[in-house]
Amino acid sequence: MADAETARLCSQVVHTHFGLLTANVATALLHRGRLSFPQLLRYTRLKPRTVRAAVLVLVQHNLLWHAQTDEEADVLEFNTTECLKRLRFGRYVWIVENMFGDAAAEIVQLVLDHGKLRPPDIISRLSIYDLKNTSVYSQALYKLVSESYLKPSTLLSHQSPRDKRIKYEAEEKAKLVGFPTARQLREAKAVAEARLKREEEEAERVGLKPMSRDQLNHRSSKKRVAEEVVDDDIYFRVNLEKFDVHIRNKLIEKAVEERFNRYAALVMKATLKATESKQKLLSDTRSDTCSTNAIAMHIPDDEDLSAGLASNSKRPSNAAIVKEYLRLMANADNPTLSGRAASFLSHSDNKVYVEFDIIGRRLRRRVLESVARERHGEDAVRIVRLLLDVGKVDEKQVAKVAMMANKDVRPLLSAMSSDCLISTQEIAKSADHNPTRTFYLWHIDLDRAYSTLLSNLYKTLFNISARRQAEQEEPEIKAVLAKCERTDVAQDENLLTRRERELLSEWKRRREKLGVLEMRVEEAVFILRDFAPGRNSDE
């Protein structure tokens with residue numbers, strides 16, 4: 001069962017994409033948790049045929065999980081993570097278009113529109129007007145499947161992973177003798193997580209099949225490049241996490257450019273490109289190893305990396321320049337804990353790792369600081385950094401270390417505490433917990449702060465979507481949009497009056513501004529929720 005802001009946003013997304021009746025079914029599941037079909041009928045007060053059609057739509061688009069309780073009753077659970085990622089569908093299509101071209105972008109957009117499709121259905125729908133493009137779409141489809149941008153829709157993907165994780169953890173805990181220690185519980189949880197991950201990987205190995213002998217005989221020996229073809233009997237869905245990996249890498253490049261310069265960002269981009277084929281999960285704490293030679297191969301030849309460094313040598317080699325950038329991003333000159341926390345990668349013995357966990361923590365901290373600055377000013381940022389570095393301190397110590405007056409610190413701490421940016425820890429001198437004999441220490445509970453920020457960002461996304469929908473349903477705008485759908489007006493916009501053209505251009509301008517704002521807020525949501533290595537995707 002989702003919290004209030006998440007439920008509102010998911011209901012709004014479902015209402016925008018699938019209509020009011022389907023949104024009613026999703027709202028019931030979001031507010032009441034798992035429900036059986038008779039319970040859905042009772043809470044939605046809709047006809048069984050309507051509820052059944054809505055459930056089929058949500059299952060087709062991977063928004064519902066199926067589970068079976070101990071009472072042998074089939075229940076449905078809403079997948080909030082999959083629903084919230086629908087806000088990035090436009091960005092996913094843009095990413096695949098830049099990487100593989102228009103044909104691959106059309107395939108991804110078609111699969112996103114239909115939830116899941118078989119390869120014959122994809123090819124037939126896209127090549128319906130031009131049969132000559134069948135081979136182009138087939139090649140693009142094979143590339144997307146082979147590189148895991150499209151993955152098979154299996155029975156396991158429609159079941160809630162939380163149920164199996166709890167079941168596997170219980171089985172591992174049952175093997176322990178006596179009272180389990182904290183280390184044994186962590187190991188049992190890790191074993192259960194690895195078992196679930198292994199099952200998912202085995203279930204998704206059915207996308208490609210060996211090429212038949214007839215197909216191999218029709219090919220010449222020079223053209224036998226790939227001996228696998230896409231299985232026509234498998235339903236494929238978009239692997240959203242693979243696209244999220246590209247969004248994460250783009251954020252890392254942007255952070256490097258802000259910290260150093262454009263040339264350092266090019267080296268980081270080449271480092272990520274060298275291990276891109278092995279980056280499949282956002283939960284990875286670090287990338288696979290790569291060498292400096294592999295990084296240098298992915299740097300364009302027309303880029304002069306020496307322009308970003310102040311070097312005494314006249315003509316340094318390209319490998320030496322790359323190593324110098326890697327040393328800068330690894331903070332090799334500052335081997336302390338603070339230097340480690342400010343690094344982007346690890347570099348030792350010609351082995352380079354990108355530290356996703358360290359970068360993610362720093363980006364989340366930057367989001368927290370930006371919110372504190374926007375709401376309470378620069379003094380609040382100073383207090384946030386102080387509490388993150390020092391830990392739990394009292395009010396007098398905060399004023400002393402931050403070099404601020406006590407009369408300014410007290411109201412600022414209270415305001416930040418009301419926004420859940422900071423928290424208090426009570427230490428009583430006596431057993432009666434008398435406030436006059438109690439120490440109050442200020443600190444930052446990062447989980448609580450990030451959860452509150454995420455809830456506020458969900459509220460902002462809901463307001464953006466609601467405003468976009470309200471502006472579109474204004475009588476004048478609605479009439480103009482209905483007129484624009486006519487075939488004669490679509491071919492010649494001069495049929496619109498001057499007033500109608502002004503209304504349409506103003507509506508498009510406001511819609512574009514709302515889209516830009518939504519992208520910025522969604523980027524902050526990605527940093528706080530998705531760019532968190534080590535966390536489960538369903539939590």
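Is Arg 45 buried or exposed? With a relative accessible area of 77%, Arg 45 is exposed, because the cut-off for that label is over 50%. Keep in mind that this is a predicted model.

Arg 45 sits in the loop that links α3 (37-44) to α4 (48-60). Its backbone is worth a glance too: phi of Arg 45 is near 60°, a positive value in a residue other than glycine.

Ser 148 also has a positive phi without being glycine, and here the value is near 70°. You'll find Ser 148 in the loop between α9 (134-146) and β3 (150-152). Ser 148 counts as buried, because its relative accessibility of 19% falls under the 20% cut-off.

Here are those two residues in one place.

| Residue | Phi | Relative accessible area |
|---|---|---|
| Arg 45 | near 60° | 77%, exposed |
| Ser 148 | near 70° | 19%, buried |

Now for the inside. Searching the whole structure turns up 1 cavity of 30 Å³ or more. The largest cavity holds about 90 Å³ of space. Two elements, α7 (102-114) and β6 (236-238), each give two or more residues to the lining of the largest cavity.

Who lines the largest cavity? The residues are His 61, Asn 62, Glu 82, Arg 86, Phe 89, Val 111, Leu 112, Gly 115, Arg 237, Val 238 and Leu 240. Sorted by class, that lining comes to 5 nonpolar, 3 polar and 3 charged residues.

Definitions and conventions. Residues numbered from 1 in each chain as written. Predicted model: local features only at pLDDT ≥ 70, side-chain atom pairs only at ≥ 80, totals over all residues. Heavy atoms only, no water. 1 Å grid on protein atoms, 1.4 Å probe; cavity = no way out; pocket = protein on both sides within 12 Å on 5 of 7 lines; lining within 4 Å. Points joined across faces, edges and corners; volume = space filled by probe spheres on them. Helix = DSSP H or I, 4+ residues; strand = E, 2+ residues; numbered from the N terminus. Nonpolar A, V, L, I, M, F, W, Y, C, P; charged D, E, K, R; others polar. Buried < 20%, exposed > 50% of the residue type's maximum accessible area, 1.4 Å probe, protein only.
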